[in-house]
Amino acid sequence: MLVDFELIKCAQNGDGVAFNEIVLAYRKRILGTIARLIARPEDVEDVGQEVFLRLYFSLDQLRTPEVFEPWLHRLTVNAAYDYLRKQRRRMESRMSDLSEQQVVMADAQAGGKIDQEQQEQKRIREMVDSLLGTVSEADRLLLTLKEVEGLSLKELEKIYRVNENALKVRLFRARQRVLKAFGAQDPRGKDSAKAEV
Amino acid sequence: MSSSYRGGDERSLDALFQAYRDACQAPEPSPNFMPLLWQRIEARQNYSFFFGRLAKGIVTAAVAICLGMAVYLSVPRHSSALFNESYVEALSGGHNLDADQLHADLFPEPDEM
C-alpha cells in the first residue's frame with residue numbers, strides 16, 4: 001500500500017487534502033497502467049483523471065480500506081475499457097471517411113515528426129495494439145494486466161472478482177487468439193520484434 | 001506448424017509484450033493534472049447538485065399538488081338542494097327542466113301532425 005488506511009478513511013469522510021495525497025501517491029502508477037492498457041500516450045492523462053474522478057465519487061462505497069488497491073485497479077480497468085470502446089467506435093467512423101492512401105500518408109507524416117527511438121517504440125506499440133485488437137476489449141485488458149503489467153492470478157482474482165480457474169481459461173483463450181494473429185503476421189515484422197528485444 | 005515453431009512464437013510474443021512494457025512507460029503527469037482533476041470534480045458536483053435540486057423541486061411540487069387535490073376533494077361542494085333530495089323527491093320536485101320539451105316531442109299536439 002502506498003498510503004495509510006487512515007488517509008483513506010479521512011478521504012472517505014470528505015477530506016479533500018487526504019484525497020489529494022492519495023491521488024499524488026497513486027498517480028504515476030495508475031498513469032503507467034493506463035498507458036499500457038490503452039497504448040495512446042496522448043489520452044493517458046485524460047483517462048487517469050477519469051479514474052480519480054470515479055474514485056472521488058465512489059470512495060464512500062469502499063467498505064474496507066484493505067481492498068483499496070484492487071478496487072482502484074478495478075476502476076482503472078473499467079475506465080480504460082470505456083475509453084477503448086469509445087475509441088473503437090470513433091476510429092471506425094473516422095477511418096471510413098479516409099481512403100487507405102490517406103491513412104498511410106497521415107501515418108507517415110505523423111511518424112516523420114518524431115525521432116527514431118520514439119518511432120521504434122511507436123512501432124512496437126502499434127504492433128501490440130494491432131495484435132490485441134484481435135480480441136475483445138475485455139480480453140485485451142485482462143491479457144495486458146497479466147502479460148504486460150505482470151499481475152498474478154490472485155491479484156486478478158481480486159480485481160475481477162472471478163475465480164482463478166475461470167480467469168485461467170479466459171486468459172488461455174485470449175492468448176491463443178493473439179498468438180494465432182502473431183503467427184499470421186509478416187515474418188519480417190516478427191523478426192524485427194525479436195531483434196528489438 | 002511444428003511444436004518447436006509454436007514454442008518460438010510463444011517466446012517471441014512474451015518478448016514482444018516485454019518490449020511493449022518498456023515502450024509504454026508511465027508518462028510524467030503534467031502540472032495541470034491536479035487542477036484539471038479538481039475542476040472536473042467540481043463540475044460533476046455542480047451537475048449532481050443541480051439535478052438533486054431539480055428532483056427535490058419536482059417531489060415538492062408533486063406533494064403540494066397531491067395535498068391540494070386531497071383538500072379540494074375533501075371539501076363538500078354538494079350544497080345544492082337537488083343533491084340533498086332523495087331520488088323520488090327529485091323526480092317529483094319538477095327539477096327536470098327538459099320534461100316539458102320531452103313530453104311535447106313524444107306527444108305532439110294534433111294540429112302539428
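Is A:Gln87 buried or exposed, and at what relative accessibility? A:Gln87 counts as buried because its relative accessibility is 6%, where buried means under 20% relative accessible area, exposed over 50% and partly exposed in between (1.4 Å probe, protein chains only). The views below come from a predicted model, in which local features need pLDDT of at least 70, side-chain atom pairs count only at pLDDT 80 or more, and totals for chains, interfaces and linings use all residues. Residues are numbered from 1 along each chain as its sequence is written, chains are lettered from A and ligands numbered from 1 in the order in which they are written, and side-chain values use heavy atoms, with hydrogens and water left out.

**View 1. A:Gln87 and its contacts.** Look for A:Gln87 in helix α4 (residues 68-97) of chain A; helices (H or I, at least four residues) and strands (E, at least two) are DSSP runs, numbered from the N terminus. Leaving aside neighbours within four places in sequence, A:Gln87 is in contact with A:Arg40 and A:Asp43. Contact here means heavy atoms within 4.5 Å.

**View 2. Helix α3 of chain A.** The 15 residues of α3(A) (residues 44-58) should span 21 Å at 1.5 Å a residue, and the end C-alpha atoms are 21 Å apart, which agrees. That expected span is 1.5 Å times one less than the number of residues. Among the buried residues of α3(A) are A:Val47, A:Val51, A:Phe52 and A:Leu55, and A:Gln49 and A:Glu50 are also on that list. Among the elements of chain A, α3(A) has the highest mean pLDDT (95), while helix α10 (residues 187-196) has the lowest (56); pLDDT is the predictor's confidence in each residue, from 0 to 100. Chain A averages a pLDDT of 85, and 82% of its residues score at least 70. Where pLDDT is low, the predicted coordinates should not be read in detail.

**View 3. Helix α7 of chain A.** After α7(A) comes A:Gly150, whose phi is positive, near 75°.

**View 4. Where α7 meets α8 in chain A.** The axes of α7(A) (residues 137-148) and α8(A) (residues 153-160) come within 10 Å and cross at roughly 145°. The contact is made by A:Ala138, A:Leu141, A:Leu142, A:Leu145 and A:Lys146 of α7(A), together with A:Leu153, A:Leu156 and A:Tyr160 of α8(A). By class, this contact has seven nonpolar, no polar and one charged residues; Ala, Val, Leu, Ile, Met, Phe, Trp, Tyr, Cys and Pro count as nonpolar, Asp, Glu, Lys and Arg as charged, and the others, Gly among them, as polar. Axes are lines fitted to C-alpha atoms, for helices over the stretch in contact, and angles run from 0 to 180 degrees between N-to-C directions.

**View 5. Two loop residues with positive phi.** A:Ala39 is in the loop between α2 (16-38) and α3 of chain A, and has a positive phi of about 60° although it is not a glycine. A:Ala39 is buried, with a relative accessible area of 9%. A:Arg161, in the loop between α8 and α9 (164-183) of chain A, has a positive phi of about 55° and is not a glycine either. A:Arg161 counts as exposed, at 58% relative accessibility.
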